[in-house]
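Have the viewer open and follow along.

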Amino acid sequence: MNILSYLQRIGRALMVPVATLPAAAILVGVGYWIDPTGWGADNALAAFLITSGNAILDNMGMLFAVGIAYGMSKDKDGAAALAGLIGFIVVMTLCSPAAVSMIKSIPIEEVPKAFSKINNQFIGILVGVLSAELYNRYSNVELPQALAFFSGRRLVPILNSFLMIIISFILMFVWPIVYGWLVAFGESIMGFGSTGAGLYAFFNRLLIPVGLHHALNSVFWFDVAGINDIPNFLGGQKSIEAGTAVLGMTGRYQAGFFPIMMFGLPGAALAIYHCARPENKAKVAGLMMAGAFAAFFTGVTEPLEFSFMFVAPLLYVLHAIMTGISVYIAAAMHWIAGFGFSAGFVDMLLSSRNPLAVHWYMLIPQGLVFFCLYYVVFRFTIRKFNLMTPGREISATPPTGTNDFMAEKERSPENNIQKEAYQYIASVGGSDNLTNIDSCITRLRLSVHDSGLINDKLVKHLGAAGVIRLNKQSVQIIVGTRAELVAMAMKDILAEEHVAAATETAQPEEKVQVKKESQEKSESVLTLVAPLTGELIKLEDVPDEAFSSKLVGDGIAIRPTSDTVFSPVSGTVVKVFDTNHAVCIESDNGVEVIVHIGIDTVSLNGKGFERLIEEGMKVKAGEPILKLDLDYLNAHAKSTISPIVISNIDDYSAVIIMAQGEVIAKESNLFQVLE
């Protein structure tokens, strides 16, 4: 696994502890609303709420350790979370100033300041990652009979205790250096004052596409390098009295986001709507209104940002620049408000009575200016460069293969998330392509064998705002705030059944009619020979919806009686699935042929199949490509019926079946592909 993919896993896992921040923000915010200057001294209810919120904020390092250990564990088991908790406690105890003083035999006054800041999110991430890796590697270990009670998951917290002793020893020498680097980085940005705040905001937006903005945020928002902007702001009067907060300074890494999230991005949404084609405006209006509402009230901006991030990268760069400018202006003018979750209306309202919220109301007129600025810049840029933002595509015809599903979804009064999840699995290459499913607030975070197998058109037609290919194995799909529900439904489906990959297999109605009228005039592009001896089965009768509905492609199926599979065409082997149950061959003239042996045979994990070719090889029609154990397949497969389909049928007018009844491998002509 490459570095970016691994960082993505950490980013996914961070969503677990980060999701607790809204609770802390509401508790502290309401407490300050009741008693903004007394910190609960004048009101028992305020003291109760503020103390409850701080119970979360003061232990974010521990929450990061537990959340990441749990989130990165292979099966999301509580033993991994327990290992993270134990590991963090061990490190905090051994690396405390008192322990370092005793172990190193030095006066406590000489202990580096870094150890007084050891309880932070950075250390929490480190402990969480190591705990998860330990769990993933050793949670299935079986000990001798005498120690059997401590086998498996029970072993991991024990091993982690010893591992963290070693880590603590290393940190005694390394942490002061790392802490010095982090502080130097934070101070260098702080040294630029308001300009530094603007630079931070600019890079904050640029890192969102790959989900690594959390790492940057931790330096400025929390107590990794001594800046601690969010907790200091939420501390209000208590922070002022403790000398950890300064009026007009604390909150400067937060305030300028309010004009962007509450006003700027809704202005961009209005521009995108006005630039949409007339026939698409109704559809775009719903998408933009939902995104603008989420951004204004909650500060969740990803549904809007991902609607133009990849279709119009220029707009996203302009968005990052304007965010930097907004944060710079707010910091320079000392217009300050803060948040516990994100810069939406709810957080602004809760922070308005905080003593550190200086001239916060000026962020509203600033926001109105940025609403106009975003609208003008986005509308001008979209029209000037003819950018394909939502609704500007020439054809709004939905990809076929989803028509029946979408029609049923629209008719259904309830939101059938199971069917939606099924379609997402099919659209990303099916069960065979998926290796892991996870989610954050608005994204499906998927690990796949090959991101090139994902059908972007089908994914977007299901309602996704965008598809992000981080590399060949890591993909993110922006589905909105229902992401976790969709991910859970996808996991449930995969646990019960195999889902085949989907492709666009039909055409708009007018194009289909033209094809029907011109089939007799069409010339044959390719003739396929039978890859197996056996009985022909109509594709419509295959016991798999993806094949029978021709989502995967058009063709025919065979119930095999021979144990050797031959190539039906001459061409190049472009894909052999790891379980050897399916082969994709591109013919010399570009026809893409899939030979899929049996139904749900991926669940056999390769048993019953012997691969005779490899990806990239050239094959001739009639050359053997697979060897089958028919006795095993007949006993264990759901069905041995084997579809042979053309996956890129969109490029051709039709297939004409040439055989019926029984066919003989290598001898019978199966069907023709018409131009």
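What follows covers the cores, the ring pairs and a couple of lysines over rings. Keep in mind that this is a predicted model. The largest nonpolar core has 41 residues, and a second, separate core has 37. On the aromatic side, the count comes to 19 pairs.

**The largest core**

- Seven residues touch the most other members of this core: Tyr-200, Phe-220, Trp-221, Tyr-253, Phe-257, Phe-258 and Leu-363.
- Two domains are involved: domain 1 (1-180) and domain 2 (228-392) each put in at least three residues.
- Zoom in on Tyr-253 and, leaving out residues up to four places away in sequence, you'll find it touching Ile-189, Met-190, Ala-197, Tyr-200, Phe-220, Trp-221, Ile-227 and Asp-229.

**The second core**

- Among the 37 residues of this separate core are Ala-530, Ile-556, Val-595 and Val-619.

**Ring pairs**

- Phe-169 has 51% relative accessibility, so it counts as exposed, the cut-off for exposed being over 50%.
- Phe-173, at 49%, counts as partly exposed.
- Tyr-200 and Phe-257 also pair edge-to-face, at 6.3 Å centre to centre and with 80° between the planes.
- Because Tyr-200 belongs to helix H9 and Phe-257 to helix H12, their pair ties together parts that are 57 residues apart in sequence.
- Both Tyr-200 and Phe-257 are buried.
- Ring pairs also link Tyr-200 and Phe-257 into a cluster with Phe-220, Trp-221, Tyr-253, Phe-258 and Phe-339.

**Lysines over rings**

- Look at Tyr-273 and you'll see Lys-281 over the ring face, 5.4 Å from the ring centre.
- Phe-577 has Lys-575 over its face, 5.5 Å from the ring centre.

Terms used. Residues numbered from 1 in each chain as written. Predicted model: local features only at pLDDT ≥ 70, side-chain atom pairs only at ≥ 80, totals over all residues. Heavy atoms only, no water. Core = buried A, V, L, I, M, F, W, Y, C linked by side-chain atoms within 4.5 Å. Buried < 20%, exposed > 50% of the residue type's maximum accessible area, 1.4 Å probe, protein only. Domains from an automatic or database assignment. Contact = heavy atoms within 4.5 Å. Phe/Tyr/Trp six-rings, centres within 6.5 Å; stacked < 30°, edge-to-face > 60°. Helix = DSSP H or I, 4+ residues; strand = E, 2+ residues; numbered from the N terminus. Lys NZ or Arg CZ within 6 Å of the ring centre and 35° of its normal.
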